[in-house]
Number of protein chains: 4
Amino acid sequence: MESYFPQVPRIAYEGAKSKNPFSFRFYNPDEIIAGKPMREHLRFSLAYWHGMCAGGNDPFGRATMDRSYGASDPMQIARNKAHAAMELMDKLQLDFFCFHDRDIAPEGATLQETNARLDEIGQLLKELSAEHNKRVLWGTANLFDNPRYMHGAGTSCDADVFAFAAAQIKKALELTVMLGGQGYVFWGGREGYETLLNTDMALEQDNMARLMHMAVDYARSIGFKGDFYIEPKPKEPTKHQYDFDASTVLAFLRKYGLDKDFKLNIEANHATLAGHTFQHELCVARINGALGSIDANRGDEQLGWDTDQFPTNVYDTTLCMLEVLRAGGFTNGGLNFDAKLRRASWQGEDLFHALISGMDGFALGLRMALRVLEDGRLDAFVRERYQSFTTGIGADIVAGKTNLQQLEAYALQKGEVAPRQSGRQEYLENILNDILFG
Amino acid sequence: MESYFPQVPRIAYEGAKSKNPFSFRFYNPDEIIAGKPMREHLRFSLAYWHGMCAGGNDPFGRATMDRSYGASDPMQIARNKAHAAMELMDKLQLDFFCFHDRDIAPEGATLQETNARLDEIGQLLKELSAEHNKRVLWGTANLFDNPRYMHGAGTSCDADVFAFAAAQIKKALELTVMLGGQGYVFWGGREGYETLLNTDMALEQDNMARLMHMAVDYARSIGFKGDFYIEPKPKEPTKHQYDFDASTVLAFLRKYGLDKDFKLNIEANHATLAGHTFQHELCVARINGALGSIDANRGDEQLGWDTDQFPTNVYDTTLCMLEVLRAGGFTNGGLNFDAKLRRASWQGEDLFHALISGMDGFALGLRMALRVLEDGRLDAFVRERYQSFTTGIGADIVAGKTNLQQLEAYALQKGEVAPRQSGRQEYLENILNDILFG
Amino acid sequence: MESYFPQVPRIAYEGAKSKNPFSFRFYNPDEIIAGKPMREHLRFSLAYWHGMCAGGNDPFGRATMDRSYGASDPMQIARNKAHAAMELMDKLQLDFFCFHDRDIAPEGATLQETNARLDEIGQLLKELSAEHNKRVLWGTANLFDNPRYMHGAGTSCDADVFAFAAAQIKKALELTVMLGGQGYVFWGGREGYETLLNTDMALEQDNMARLMHMAVDYARSIGFKGDFYIEPKPKEPTKHQYDFDASTVLAFLRKYGLDKDFKLNIEANHATLAGHTFQHELCVARINGALGSIDANRGDEQLGWDTDQFPTNVYDTTLCMLEVLRAGGFTNGGLNFDAKLRRASWQGEDLFHALISGMDGFALGLRMALRVLEDGRLDAFVRERYQSFTTGIGADIVAGKTNLQQLEAYALQKGEVAPRQSGRQEYLENILNDILFG
Amino acid sequence: MESYFPQVPRIAYEGAKSKNPFSFRFYNPDEIIAGKPMREHLRFSLAYWHGMCAGGNDPFGRATMDRSYGASDPMQIARNKAHAAMELMDKLQLDFFCFHDRDIAPEGATLQETNARLDEIGQLLKELSAEHNKRVLWGTANLFDNPRYMHGAGTSCDADVFAFAAAQIKKALELTVMLGGQGYVFWGGREGYETLLNTDMALEQDNMARLMHMAVDYARSIGFKGDFYIEPKPKEPTKHQYDFDASTVLAFLRKYGLDKDFKLNIEANHATLAGHTFQHELCVARINGALGSIDANRGDEQLGWDTDQFPTNVYDTTLCMLEVLRAGGFTNGGLNFDAKLRRASWQGEDLFHALISGMDGFALGLRMALRVLEDGRLDAFVRERYQSFTTGIGADIVAGKTNLQQLEAYALQKGEVAPRQSGRQEYLENILNDILFG
């Protein structure tokens, strides 16, 4: 069989001392830690769009990478790409992939033709996935690239465009179900506004909710048992995207009664664009029972756009995996590498270097997060810090057994009250370094 | 009677051609426009803390302004300050004021003593307000300055501190009711976290909701008919404040069943710190039926902290007043000048210059917003833009009469669909300039 | 002759009351104000790339606008585009245009072919310019789009790429001279780094200076009398661009002895991306004798990338024109509309709406800036504020006639000193509104 | 002798496995690595202001920490503070301290009185320093806290204020020399503007340069052999601070002929406020021969103000120490902990936890930076990347032996050129993790 990456061998775990750039130093897929194999903790997924399609173009420059897979006909490219994806996943020991409809097959002149193309490639991917033992983490529809969506898809000002988006979602749901997908994502790249001067925000958000209800109804009717996810992002390409951050999405889901079917797909770079840390967004999702899946990447603190870099900061991956472990691990979700090569990383092996860096980065994060839990000092500090709410007046507050009058009487009797102990931030940060580097 | 601002006369409307710095050029309080006097449209309010207390100190420098009102004893300062506030409001034709408990009277050694001081000054303010025909727009409790709140108030890790905060809120509610206040604000300056390493976010937010429920119950029991407001702010002084922005607050209110009693108090500078425009936050509040009151100020686009500058950008005030007018105007809320003098504006007349600039800035905003509505081109454009949702498939979508299957059939029959018209952003921006400067 | 914009008439000045969207309300090109026609004050220029080439694509979506000018062959498109540009400039009364080499003619397979194409289109533009009475404000070379420049051009790690860039600059200089251009711009879209891990910053900056010296030497040898400009931009597409802001460029020019030949081309949106106001960057350029030309656009305060919107904020255009007037007006430079249509403004007339909005926006800015100068209050305030430096100890300081010992003696004798007067920011901001809206 | 920190023992190195919070795990002061003791590599310094004076107040809250050192009279506080500083430095094995004049002694009613107080405490510090073997890393004058500096010090609009600042600098220079200080810092907290509406930027910057020239002349006349430093900061407390970043300062120093006497004091948090990484600013300083000293702290990526946190991010400390090692190590400069306790870290031991975290954080950074150099892969990659400039056309370019005509001929002969190799960012980031965690 033809190889699309002949220069790169299968990547194996060689341990922390290895100098082989084509090896894992920290990711050992079948090593059992905390009761299950690393691969089940991490559920790494290839993002078909970045991994197989993106060419390194940016707003100021054309593509630098060849993504033709030895073909020139668009459908032949799509077929070869599917084979190449399997080879890539095999060599990197990736078990899952995520896709948009338009990643796997090119649009045709009409919706009929487009759907026929999807049928063909969908069938091919189904066969290849069975053969290579790969699964879909989640599927989605690309409702942002085509000019028809310039004003939005579910939030378009044009009802025909809304209908077209609905049709596209229907097909993407069918593909996801056919490929055994465990999730379906809404990322609303154009669902927002460029200027409030031309926008009816109320109608647009109502319509978006209508579309999501239709999607849930249809998906459940064809047997989809997985989770729906909204992926928050504050802006870009829009001036304002309605799904700004985790809390904004929770407000939306609660308003429209969608919170039973939807969880969140949290992306690191979207968190930072919204003015939050990655851990913050994960924590908000977790304590609201909505931590579904994760787009594993990172942004650049100095840059105001989505750089989608591969995640290599071990502080971030550790704190991320801490939240995942505290949530009980993934159920339907996983870690999808929504990360793209730098434009200048144009050579074939760069994709391997990059995915190795992200997989080892998160493998380190998992190992370190488990060390944090085993060490126990951080958790014990937090428990101790809030213990006044477990007895006396604190327990009454938590149990809802008191009111302002009683609390005033209590406070008047005390006269004054001082904070009991330091927040100890510096001490706790030192412990974290101690665990990471000790 | 002694004057605290002898160098400044009563400020009167003199029209746009006046060169008198101590006059209004655009604010004519009793002029009837769009059916009611400007003063009722705008409901301007003095922020007691910035107007009467703040001394110009910043993180790198001590106070530059004298706020002793000719006294040295703290209680005498408080008494004189109340008189000075009335003089200031009289001279500027301000009808309302907003206050924290600690603005009007200094803390004592114990809660008893503190409350006794509040009783005295509260009574004085009640008498002076009656005499000068002033009203409280809203009251609130300062739960951020005292070291006891270093870890939060309603979200403190210490139950005794929670109890103390509850007692302080009870008293502030009583004061607000006594002074005829039409609103009560929660601004959670310390309700957030410095580091997730020491924080139990779930418990903290649950406790905050418990405190708000207690406040509602108590306030209604003593006859408070007004609105509760949460004032969103994303950060500062905390690393993360739980009431990040309007949407985050809506998620919180819906989760905890507080959305019937609470509306939002939107501040311009807090909007921009959260990564939004002022108009965006107002619009989000409006379409969710939660636009309660407004903290009228502005930030600095280049600065990442709350500069609380006086609002003089007429684009911003126009778009703000458009949202207020679209919401049907204020009911219990108004425009509170939560704005402080620059540190170098240390002389007595600067406060007058500043309030004149803000009042004229918003008077222009009101006049311009009404011009926008009279002109009609912007509204007509938006109506026309979404008209496909008023008939045919669009009407079915809005009425909930369709589903993915039907929409797919519709789209397949069309084959393709293109956007009907341009978003016309540049044209609309040009119209806005035409209205402002034409 | 064929028209490329048949639906749009010639745009004429109709005055502020006109409701005709295809008219100027504030720009009256031949109206004499402050001693010369508005067109000479403003020297408006079409940016060939945005105006004639950009299709509305963004990182998440393909082009929405047709820029084929009725042709399919790339060279025929280029020829038609040149005609269309003349029609556009004629209809909008634009006197100047700016271009990159690659805007006017497509690259060929080799540099020879590419240059031959430039020769043809350059000749055509020369003829058309003479016929239509148009001039080049400045020319430049596109050293960022082609993958060969992925690591930089003048700062590439590859000497061959440096050579190629040098060749491209040589040709662009020749074209600029041939078309009577009065300026030549260096905008270093790729001259920076993605990561310091792979970068030799010292060598890269030395090389950039070498390239600029070569450009100056060659240009002067072929008779170029105009100005060289560096256009500061802090980032995007790079993580860090070496020409971060005006001050950074001044440091570079002084280090390498280039400050005699180079001035700055200040762009509004690049200023805000660097954390400055537009006026700040203009002022820095002005007081250093380096205010050369201006890229007239605006960014979005909430967005961290170069949105290149049309400039319609009259506060900004007023403060910009104040700096231009204080610098004595433009000599070789002008106002180039480096602004692009929003992606959803895809229809032919949108380009006219947009340029009208920018031209009227700056016409208002010029009129308002002149009002500020005539009013005189702002300038008088500043003069008065610093008057202590015109006599006594202040005059000695400015004249360099004193030292620390004398100043200490002076201060010891005073014992203490207090600030003489308020900074009066609020008062001054109010005056500005008074002038704009009075 | 009385102890001010009786609850904390002397901090000793106990190795990476120690769980004793009052130990160093990575900083072993007298361990020789790369040819000299760690203490000489790192030259850690206490910042007197944050360490001994700051009370935890912020814009929304009063102080939480007791800094009275058992006294109530300001001068007795100052004396006790000096003793406490020595105890703190002894216990933490800190060899250096930095100070502002106002940190060590309180201002009096007149300059005479103030200077007399400085004389007394200066003498005490001289004796204590000799006894405890401590040195001054650098001294400076506080020209920002007192209201007299509200409009600036060297850039004040008031000549008397300029004179007062000059007198204060003179005294601070004398103190620095008396205490054996090896550096003198200008940090211009008020040297900038709040609004351009009231500012003469040209005069202000000229005056600042005049003041610096006077300072150099005087200091050299009294035997100061050390370095002058400007500490860049972009803003806060001002809207714009003239010493925005390293490049801006270089432009200023070159313009005014101050570049021989001045180097830079780079602060991590100021770098990030200016939109740069810490490493970027260090690298800019290094390649311009201006890397003088370092203020070791960190900011918060989500916050727009100077949080001055203790530096614990080992990626940052590693890349910082790489730049220091590449510059040949410190000469007169060192690592000054310009970092303050979080407001809630109010207890006595927190200062020890915090300094331990910073010292161990930088000790790790030094050890890791040396590992990077020993590993050699990063440096080799960079050398290899630019090798085309060591021969042929590249060598000619670097040697200044070519011109545009020759380079064009070279490029025409090639016809086209492609980038030779990938930038390999992901691979290099992976190597860094490999070194840190391998």
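In the predicted model, Lys414(A) and Asp160(B) form a salt bridge with an N to O distance of 2.9 Å, the term denoting a side-chain nitrogen of Lys or Arg within 4 Å of a carboxyl oxygen of Asp or Glu. This pair crosses between chains, running from helix 15 (residues 404-414) of chain A to helix 6 (residues 159-178) of chain B; helices (H or I, at least four residues) are DSSP runs numbered from the N terminus. Lys414(A) is partly exposed at 39% relative accessibility, whereas Asp160(B) is buried at 10%. Buried here means under 20% relative accessible area and exposed over 50%, with partly exposed in between (1.4 Å probe, protein chains only).

Residues are numbered from 1 along each chain as its sequence is written, with chains lettered from A and ligands numbered from 1 in the order in which they are written. Because the model is predicted, local features need pLDDT of at least 70 and side-chain atom pairs count only at pLDDT 80 or more, while totals for chains, interfaces and linings use all residues; side-chain values use heavy atoms, hydrogens and water being left out.

Over all chains, the structure holds 140 salt bridges. Within chain A, Glu323(A) pairs with Arg286(A), their closest N and O atoms lying 2.6 Å apart. Since Glu323(A) belongs to helix 11 (residues 314-326) and Arg286(A) to helix 10 (residues 278-287), the pair ties together parts of chain A that are 37 residues apart in sequence. The relative accessible area of Glu323(A) is 2%, and this residue is buried; Arg286(A), at 26% relative accessibility, is partly exposed.

A further salt bridge joins Arg377(A) to Asp434(A), with 3.0 Å between the closest N and O atoms. It connects helix 13 (residues 377-385), which contains Arg377(A), with helix 16 (residues 425-437), which contains Asp434(A), and therefore ties together parts of chain A that are 57 residues apart in sequence. Asp434(A) is buried, its relative accessible area being 6%. Salt bridges also link Arg62(A), Asp101(C), Arg102(C), Glu107(C), Asp145(C), Arg148(C) and Glu416(D) in a network.

Note on methods: Helices (H or I, at least four residues) and strands (E, at least two) are DSSP runs, numbered from the N terminus.
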